Amino acid sequence: ATCCCSWKNKDDSEFLAYGDDMGLVTVVDMTKGLKPHRVAKEPPATIQRRKGPNWEAATQRQVHTGGWVRQIEMVEDLGGLVSCGADSCIVIFQHPFKINPKDKTQVEPRRRLQSLVRGHRKGVRAFRWIQSHKLVISGGLERDLIVWNPYTGKVVMTLEGHTANILHLEINVEFEQLI
C-alpha cells in the first residue's frame, strides 16, 4: 500500500483505509480482524494473479484510474473519505461505499475535484483539508497549488511558482500557514 489512514466512528468501530498502485481503495473494519491463515504445503512457483486483502471484513473498490492512489484521508466535514491519485483528480466518496450502478467495481463519488481548464493536468500527490476556510488545497507533478471549493467542485485559485513537484502539504493552524 502506498498510503493509508484510520478513523473511529461514533459507535467505536475502527476502520483502516489504504490505496494501492492500481487505483483501488480498500477499507477494512478493524473490529472484525484478520481471516484465518492457512499454511500452504508448497510455495507457488509463480504468482498467477494478485490476491485480495487478507482481512475478514474488507471492501475494495476502484476509485482512481491510471495508477497509484497517493493519499487518502477521512474528512468528516465533507462526509467521507478523500483521496488523490495519478489520474489528476481528487475524489470525495462516502463509506460504506456507494457503488456505481453502471460498473459495480467502481465507487460512485460524492464529488470529483477535477477541472480540465484550471485544475491539475498531471498526477496529484498531496492534498489538505483547510477546516477554518472549508477549502481543499492540492499539489502535484505540475508544481502548482490549487485551492478548491469541495462543495461546488470549482477551482478558487491557483498558486504558481514552485520549481519542483509538490510531494507533501502540511498546515500550521496556529500561524495559518501552508507548508
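Let's start at Val155. Setting aside residues up to four places away in sequence, Val155 touches Ser115, Arg118, Gly119, Ile146, Val147 and Trp148. Keep in mind that this is a predicted model.

Where does Val155 sit? In strand E12, which covers residues 154-159. Is Val155 buried or exposed? Its relative accessibility is 11%. The cut-off for buried is under 20%, so Val155 counts as buried. One more distance here. Gln114 is 41 residues away from Val155 along the chain. Their C-alpha atoms are 8.6 Å apart.

Next, Arg128. This one belongs to strand E9, residues 124-130. Arg128 has a relative accessible area of 15%, so this arginine is buried too. What does its side chain meet? Two polar partners to show you. The side chain of Glu170 makes a polar contact with the side chain of Arg128, at 2.9 Å. The backbone oxygen of Leu169 is 2.8 Å from a polar atom of the Arg128 side chain.

Four strands form an open sheet, in the order E1-E2-E3-E4. The pairing is antiparallel. Which strands stand at the edges? Strand E1, residues 3-8, and strand E4, residues 58-62. Each has a single partner strand, so one side of each is left without a neighbour in the sheet. On average, and ignoring direction, neighbouring strands of this sheet are turned by 15 degrees against each other.

Zoom in on the first pair. E1 and strand E2, residues 14-19, run antiparallel and are joined by 6 bridges. Within that pair, Cys4 stands opposite Tyr18 in E2.

Finally, the whole chain. How many helices and strands are there? The count is 0 helices and 14 strands. The chain has 179 residues, and 40% of them are buried. Val155 and Arg128 are both buried residues.

Contacts next. Take those between residues at least 6 apart in sequence. Of these, 46% join residues at least 24 apart. Last, the surface. The protein chain exposes about 11,200 Å². Carbon and sulfur atoms supply 51% of that area.

Conventions:
Residues are numbered from 1 along each chain as its sequence is written. This is a predicted model: local features need pLDDT of at least 70, side-chain atom pairs count only at pLDDT 80 or more; totals for chains, interfaces and linings use all residues. Side-chain values use heavy atoms; hydrogens and water are left out. Helices (H or I, at least four residues) and strands (E, at least two) are DSSP runs, numbered from the N terminus. Buried means under 20% relative accessible area, exposed over 50%, partly exposed in between (1.4 Å probe, protein chains only). Contact means heavy atoms within 4.5 Å. A polar contact is a pair of N or O atoms within 3.5 Å; within protein, one must be able to donate a hydrogen and the other to accept it, and residues adjacent in sequence count only if both atoms are side-chain atoms. Two strands pair if DSSP finds at least two bridges between them. Axes are lines fitted to C-alpha atoms, for helices over the stretch in contact, and angles run from 0 to 180 degrees between N-to-C directions. Accessible areas come from the Shrake-Rupley method with a 1.4 Å probe; for residues, only the protein chains shown count as cover.
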